[in-house]
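Biologist: I would like a close look at one part of this model, and then at how the rest is arranged around that topic. Please keep the answer plain and connected.

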Amino acid sequence: MDLSFTPEQEAYRARAREWLLENIPKGWGTPEFEMPRTEEEMGKFKREWDRKLYEGGYAGISWPKEYGGQGLTHVEEIIFDEEAGKLNAPSGVNVLGKLLLGPTLLQFGSEEQKKRFLPPLLRGDEVWCQGFSEPNAGSDLAALQTRAELDGDEWVINGQKVWTSYAHHSDWCFVLARTDQEAPKHKGISFFLVPMDSPGVSVRPLVQLNENRDFNEVFFDNVRIPKENVVGGVNNGWKVAMGTLGFERGTLALGRQVRFQNEFNELVKLASEKRLADGTLAIDNPYYRQKMVEVFNEIKILRFHGLKTISQLLNEGKLGPESSLQKLFWTTMHVELGEVAMEVLGEEAPYWGVESVGRGKMQDIYYTSRGATIYAGSTQIQKNIIAEMILGMPK
Amino acid sequence: MDLSFTPEQEAYRARAREWLLENIPKGWGTPEFEMPRTEEEMGKFKREWDRKLYEGGYAGISWPKEYGGQGLTHVEEIIFDEEAGKLNAPSGVNVLGKLLLGPTLLQFGSEEQKKRFLPPLLRGDEVWCQGFSEPNAGSDLAALQTRAELDGDEWVINGQKVWTSYAHHSDWCFVLARTDQEAPKHKGISFFLVPMDSPGVSVRPLVQLNENRDFNEVFFDNVRIPKENVVGGVNNGWKVAMGTLGFERGTLALGRQVRFQNEFNELVKLASEKRLADGTLAIDNPYYRQKMVEVFNEIKILRFHGLKTISQLLNEGKLGPESSLQKLFWTTMHVELGEVAMEVLGEEAPYWGVESVGRGKMQDIYYTSRGATIYAGSTQIQKNIIAEMILGMPK
Amino acid sequence: MFFGFTEEEKMVQKSVRNMLEKHCQTEDVRKFMEEQTVSNKIKELFGNQGLLGILEPNGEEVTGVTYAILIAQEAGRALLPYPLLENVAGLYALKTCKQHGDLIEKVEAGNEMLTIAWRPESAEAFATEDGYSLSGKLCEVPFAADADQIIASVRISGKGNTPQEEETVVVISKDHPSVSLRKLPGTDETYPIYDVAINNYPLSNANIVKGIGMGTGHQLMNKVKQLGALLAASEMVGSSERALYDTVEYTKERKQFGVVIAKFQALKHMAAEMYLKVESAKSAVEYAAWALESGDPEAELSVSIAKSYASSAAKKVTGDAIQMQGGIGFTWENDMHLFFKRATRTAFLYGDSYTHNEKIAKAAIDAIAGASSAAK
Amino acid sequence: MFFGFTEEEKMVQKSVRNMLEKHCQTEDVRKFMEEQTVSNKIKELFGNQGLLGILEPNGEEVTGVTYAILIAQEAGRALLPYPLLENVAGLYALKTCKQHGDLIEKVEAGNEMLTIAWRPESAEAFATEDGYSLSGKLCEVPFAADADQIIASVRISGKGNTPQEEETVVVISKDHPSVSLRKLPGTDETYPIYDVAINNYPLSNANIVKGIGMGTGHQLMNKVKQLGALLAASEMVGSSERALYDTVEYTKERKQFGVVIAKFQALKHMAAEMYLKVESAKSAVEYAAWALESGDPEAELSVSIAKSYASSAAKKVTGDAIQMQGGIGFTWENDMHLFFKRATRTAFLYGDSYTHNEKIAKAAIDAIAGASSAAK
């Protein structure tokens with residue numbers, strides 16, 4: 001057991017922090033900062049940040065240098081994520097490219113694919129989105145109906161995807177489509193790389209309950225792509241996709257954890273100013289105090305889980321089904337954080353304003369946390385996975 | 001909506017209370033009272049109480065006079081239960097006879113059966129136990145394997161029952177047994193009345209986790225009973241049993257509610273004496289206070305549910321699947337009561353003594369409440385019933 | 001002993017439900033969310049039906065509460081974008097005073113609309129030549145922009161030895177130049193809330209509903225708040241019941257893994273727990289209605305139990321409804337978020353669970369503890 | 001960065017598990033429950049393996065904590081009826097003082113047995129001609145009847161300006177005539193607890209472990225309590241993990257409705273939630289072990305997080321295990337209640353969740369609040 005960082009790693013941390021302090025846009029995170037107003041401007045702003053990260057040497061930190069990465073380890077990656085989290089640094093627009101497609105290509109892609117796609121991805125020149133879910137294939141992803149048929153040297157794709165984050169900012173989409181109608185449902189799927197500017201691709205934004213507009217429906221109408229844009233072999237897409245989803249559930253844990261800790265700190269700040277009906281402060285009231293600590297403990301434990309995951313990745317090179325545990329844990333905890341925060345706000349919970357202490361942050365957590373228990377494998381699916389894959393309970 | 005009692009009912013309440021005060025054994029409920037020491041003595045003590053109730057006119061309150069009852073309504077019954085509960089009156093040994101077999105015979109029994117069995121049941125001369133569950137037929141009751149075969153004028157019963165409360169004090173047992181091996185599993189079952197002193201009946205006590213010895217295994221080895229001891233017709237036992245279980249889950253609500261309220265009051269008493277590490281009293285600490293009130297609210301709501309049930313029984317003459325709701329509600333609430341009580345006790349929770357304030361009562365709730373979520377249809381089964389029978393979700 | 005509703009009560013509930021199913025579909029609610037103006041149709045319907053004046057003061061008792069909770073339940077079910085609670089409870093307040101006959105008539109007919117300042121922060125009136133001059137801030141005033149009159153409990157300086165004695169219930173015209181509004185941004189756009197600032201509003205005797213130095217103003221406002229909390233609880237029963245049943249229907253249609261998802265035991269059990277909460281909140285509301293109606297000594301306690309339980313239940317049920325519907329439940333197009341947001345707002349206003357629980361603790365728990373220590 | 005165990009650590013854990021699987025089956029535990037005497041076999045085994053003295057003081061750091069939590073986890077898994085925690089933490093305490101070499105040797109060899117008074121109520125010593133005379137009450141002393149020596153933190157009157165400064169850690173002989181025991185009735189008969197009354201026990205310098213007016217006694221006891229809380233948390237991880245896995249195996253065999261009940265989604269989801277809790281408690285314990293071992297500034301905080309979380313988790317997991325096993329799980333014959341009762345006791349002793357949470361609040365929450373108000 002050694003959870004300390006080496007002096008070299010600590011030096012890396014210091015450099016990362018310094019770089020972040022210099023490069024995070026001035027005023028970011030303060031009420032004075034002028035946020036981009038339209039979705040389009042927001043996309044540009046985030047892509048700008050992706051480019052800065054690349055220039056600073058903080059894109060693809062653990063990816064091989066030959067593909068534009070930094071050739072360092074996951075430790076440097078989490079160190080950077082932690083520091084970025086502490087400063088609430090902006091997030092880029094190429095999240096899915098870096099988090100999902102990159103690792104997928106590194107594991108399943110051909111040499112040509114890695115060389116072609118990874119460097120522009122890291123540079124922020126090519127932003128990616130994920131075309132997995134469909135209206136009738138949510139939890140039951142393998143029921144997907146989008147189909148791809150080979151026509152000469154090209155695949156012709158038809159179908160509809162949904163919950164496609166950042167599709168409206170993306171240059172490329174990685175898409176699961178059925179390539180063998182006759183095969184059992186898990187066996188006839190392939191993993192495609194599709195340019196978003198192909199004729200026949202159209203995007204319709206989906207507004208979420210928290211009024212975010214990150215999600216989209218994407219329609220493919222006779223979209224033609226080159227034959228070689230398949231990752232991991234034709235009809236082998238399910239295996240590739242399962243790898244991809246493992247990345248989604250497992251990594252990024254520590255950066256996320258730091259951001260939760262920041263949110264928690266804001267809640268404590270609120271509680272230390274919130275006066276209850278009896279004139280005392282919420283933070284001094286044992287009821288709110290115990291509830292807050294219960295959440296605090298889970299945020300801390302999330303960090304321990306994260307360190308364990310990283311350690312496993314470093315020492316064994318891969319993650320197992322315990323990534324489901326991680327996802328189940330943080331999504332549940334985040335819902336609790338939102339609920340406790342609203343309780344602390346009490347009669348002020350349902351509304352907010354620019355002049356209010358929380359500036360709507362707590363309400364945002366309360367509503368937004370309800371999405372994470374659904375997307376990327378719902379709570380119910382994660383529990384099925386744990387029961388079946390880890391505990392060996394039969395299907 | 002009229003939840004008040006008539007002057008006549010209030011007069012009945014006053015008489016019942018007076019009778020109870022006179023007849024509850026002196027010292028009952030105080031530390032000085034000498035409780036029966038053996039299971040056998042306990043059985044005698046409880047049967048004595050059953051007889052007293054009969055003599056006082058408080059047995060079978062809502063049953064027809066012709067079968068030994070009082071010919072009153074369910075309202076008088078709940079009034080008596082409430083008053084008995086308020087005084088923590090002893091409970092009798094013929095609980096299952098009164099609660100389950102009586103109503104079952106009134107609904108499904110022949111005139112001869114009612115005349116033969118109901119009066120001695122109410123008098124406390126014939127105590128009943130219930131032979132439903134089997135080692136391999138718990139939640140899946142219809143999977144029972146005990147069989148009865150007709151041999152001339154007698155049924156011959158073979159098999160094993162389990163979780164048979166009070167079997168060791170009982171004169172009779174109502175037993176479900178399979179009478180048609182070929183029929184679908186719900187269709188070949190009959191409901192029998194079996195004397196416990198029949199040759200071939202043997203009883204083995206089962207100790208529960210709370211060290212209670214109320215439960216037994218009962219073995220039937222070529223037990224012969226008269227042909228006419230079937231209730232509701234041969235192979236019609238499943239329908240009869242479902243009626244019986246409805247009684248189990250629905251009624252007795254208000255007497256039970258009052259006893260929970262008594263337990264809660266004892267908890268409050270403890271909390272008003274329990275000093276926390278910071279020198280304050282638990283009852284003044286918002287954390288324990290809010291937790292206690294949450295339980296208090298549920299105890300109150302249990303009463304409202306109970307009043308609704310009684311009202312339905314009075315006005316419609318029967319109960320529906322909402323008895324599952326009632327059972328789910330009170331068993332869950334009781335577990336919470338036990339947990340909150342233990343939290344209030346804190347470092348003193350795991351042990352107790354005669355000199356301690358709670359005298360082990362809170363620990364008893366904590367452990368005993370874990371049984372009620374299992375027996376008489378587990379929490380999981382009740383939720384299935386609600387989802388399927390009330391909400392119409394498919395099997 | 002009758003825990004249920006008469007045929008007449010059921011008929012009224014049914015007619016309100018039918019009316020709202022016709023005139024207050026979720027498209028109508030969404031239209032309100034954009035325009036933020038109460039539809040004339042809704043005002044007219046409630047005026048025509050004569051439902052708003054259903055509560056009548058009768059000494060300590062209040063008649064009509066059973067009808068009122070059934071109507072409020074339907075308002076919740078329909079996500080009604082109209083201050084039903086405030087008009088029903090407000091008319092009750094006006095009826096405790098003889099001089100507001102004209103206003104009562106107008107409001108009952110749907111020609112004027114009331115609202116109530118549930119949390120007057122610091123409104124105080126000082127004597128002037130002609131009467132009093134009122135200034136200060138009223139918080140959490142629903143639909144203030146659309147309302148014609150605001151009922152509030154304010155202090156009249158010097159008219160009592162304690163702030164409580166000074167408390168006086170008044171009704172003031174929202175359109176007076178001394179009154180200004182600020183909409184509070186919130187997530188429940190079906191029920192907008194405003195802060196109201198008052199700067200030298202001239203109060204005359206005609207504005208008085210109850211009080212002036214007798215403590216009766218405080219008593220009345222306390223009763224009005226009980227009515228508000230109970231009707232809010234009933235609203236939540238309606239909105240969470242609909243969220244539950246709509247979701248259960250959805251699970252019977254939505255297929256995954258080759259079967260309708262209603263077959264999955266995990267979803268069945270979630271639905272069963274939601275049902276348990278809805279029914280329990282409903283029983284609590286119904287009991288409290290009876291208690292208020294019959295002047296039961298535990299009436300105030302019962303209202304707090306109902307509001308506290310229903311608040312927790314409604315947040316949980318409507319939140320779980322989103323979860324059960326999955327990705328689609330998290331979209332703006334789907335109606336579930338409207339129920340979740342409405343339940344959340346109603347849960348925290350009219351006294352949140354903590355506040356009502358503490359009231360219950362003071363009334364019941366401390367009494368039990370006191371009785372046991374007195375018995376020693 | 002290595003969050004895991006070395007081969008050697010894993011081997012030690014495995015060997016303890018094998019040893020206890022052989023010599024501490026639940027029949028053995030049940031035998032102890034009747035006889036209430038620690039088996040010589042168990043004493044001998046722990047003595048022979050040299051496991052008890054695994055902790056060593058090293059300035060602010062403590063070496064061997066990782067080994068210790070793994071051994072404690074196995075003790076929990078086996079429901080070990082032996083005061084392992086008290087001997088491991090007690091030896092640590094003795095090792096901070098030079099004069100207890102003989103006793104340390106005997107305890108390490110399994111020839112004498114220690115226990116610890118976790119909650120000295122009112123024990124105080126007064127100066128006499130030859131030293132001090134100790135009287136008072138020690139609460140919650142596990143296995144006091146079987147133990148030879150009791151470690152306790154007591155006040156030596158006049159040796160400091162504050163009660164805290166007076167605190168002194170002493171080791172006293174249980175068999176001295178001034179010491180009398182009273183067994184506290186409890187539900188966890190695998191780990192009996194006693195109140196110890198002391199009436200003029202003659203304390204000499206030979207009894208002192210740490211303290212006498214320096215406040216170092218308080219510091220040592222604080223560290224010993226941290227070790228106790230952490231090992232207790234690890235015990236609970238072991239017992240709840242076994243309750244979970246044994247129950248999951250049972251559901252794979254038990255059939256109802258024609259299928260093994262492990263196929264029911266409701267039970268699968270219960271099991272998944274139990275697994276989540278066990279793994280989370282485990283991570284918290286492991287992290288805290290590292291923090292204590294490496295002298296991390298958040299070590300004490302991490303111990304409190306581990307004990308608080310593990311306590312809630314273990315009660316829930318072992319309680320749910322009974323529910324999953326159904327009727328059979330509620331019988332005395334079935335082992336589940338042993339796990340439930342052991343988890344319940346361990347959860348409430350060594351500081352319950354409320355107590356540790358309040359410590360966390362003081363250390364962390366108030367610090368966050370202070371930092372933010374200082375920043376203004």
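How far apart do the end C-alpha atoms of residues 6-125 of chain A lie, and what are the percentages of helix and strand in the span?

Modeller: This is a predicted model. In it, the end C-alpha atoms of residues 6-125 of chain A are 34 Å apart, and the span is 62% helix and 0% strand. UniProt, in an unreviewed entry, gives this stretch of chain A the feature "domain: Acyl-CoA dehydrogenase/oxidase N-terminal".

The annotation that UniProt places at residues 129-223 of chain A, again from an unreviewed entry, is "domain: Acyl-CoA oxidase/dehydrogenase middle". For residues 129-223 of chain A the figures are 0% helix and 47% strand, with 16 Å between the end C-alpha atoms.

Residues 219-364 of chain C are recorded by UniProt, in an unreviewed entry, as "domain: Acyl-CoA dehydrogenase/oxidase C-terminal". There the chain is 79% helix and 3% strand, with the end C-alpha atoms 20 Å apart.

Helix packing comes next. Two packed helices are described by the angle between their axes and the distance between the axes. In chain C, the axes of helix α10 (residues 299-325) and helix α11 (residues 336-348) come within 9 Å and cross at roughly 160 degrees. An angle over 145 degrees counts as roughly antiparallel, and α10(C) and α11(C) are therefore roughly antiparallel to each other. The crossing in which α10(C) passes α11(C) is left-handed.

The phi of Y350(C) is near 55 degrees, a positive value in a residue other than glycine. Most residues other than glycine have a negative phi. Y350(C) counts as buried because its relative accessibility is 9%, and the limit for buried is under 20%.

W163(A) also has a positive phi, near 60 degrees, and is a residue other than glycine. Its place is the loop between β3 (154-161) and β4 (172-178) of chain A. With a relative accessible area of 22%, W163(A) is partly exposed.

Chain B supplies another helix pair. Helix α7 (residues 253-271) and helix α10 (residues 361-372) of chain B have axes that come within 10 Å and cross at roughly 130 degrees. That angle makes α7(B) oblique to α10(B). The crossing of α7(B) and α10(B) is left-handed.

The last topic is the aromatic residues. A pair of aromatic rings is described by the distance of the centres and the angle of the planes. Over all chains, the structure holds 66 aromatic pairs. One of them joins F260(A) and W330(A): the ring centres are 5.7 Å apart and the planes stand at 40 degrees, so the pair is tilted. F260(A) sits in helix α7 (residues 253-271) of chain A and W330(A) in helix α9 (residues 322-345) of chain A, so the pair ties together parts that are 70 residues apart in sequence. F260(A) has 5% relative accessibility and counts as buried; W330(A), at 8%, also counts as buried.

F143(C) and Y191(C) form an edge-to-face aromatic pair, with 4.8 Å from centre to centre and 85 degrees between the planes. This pair links distant parts of chain C, 48 residues apart: F143(C) is in the loop between β6 (132-142) and β7 (149-156), and Y191(C) is in the loop between β9 (179-184) and β10 (193-203). F143(C) counts as buried at 1% relative accessibility, and Y191(C) counts as buried at 1%.

Returning to chain A, ring pairs link F117(A), W128(A), F132(A), W172(A), F174(A) and F191(A) into a cluster.

R370(A) lies over the face of Y366(A), at 5.4 Å from the ring centre. In chain B, R13(B) is placed over the face of F5(B), at 4.9 Å from the ring centre.

Conventions
Residues are numbered from 1 along each chain as its sequence is written. Chains are lettered from A and ligands numbered from 1 in the order in which they are written. This is a predicted model: local features need pLDDT of at least 70, side-chain atom pairs count only at pLDDT 80 or more; totals for chains, interfaces and linings use all residues. Side-chain values use heavy atoms; hydrogens and water are left out. UniProt positions are given in the numbering used here, feature names are shortened, and annotations may be inferred rather than shown by experiment. Helices (H or I, at least four residues) and strands (E, at least two) are DSSP runs, numbered from the N terminus. Rings of Phe, Tyr and Trp (its six-membered ring) pair if their centres lie within 6.5 Å; planes under 30 degrees apart count as stacked, over 60 as edge-to-face and the rest as tilted. Buried means under 20% relative accessible area, exposed over 50%, partly exposed in between (1.4 Å probe, protein chains only). A charge sits over a ring if NZ of Lys or CZ of Arg is within 6 Å of the ring centre and within 35 degrees of the ring normal. Axes are lines fitted to C-alpha atoms, for helices over the stretch in contact, and angles run from 0 to 180 degrees between N-to-C directions. Angles under 35 degrees count as roughly parallel, over 145 as roughly antiparallel, 65 to 115 as roughly perpendicular and the rest as oblique. A crossing is left-handed if the near helix is turned anticlockwise from the far one by less than a right angle, and right-handed if clockwise.
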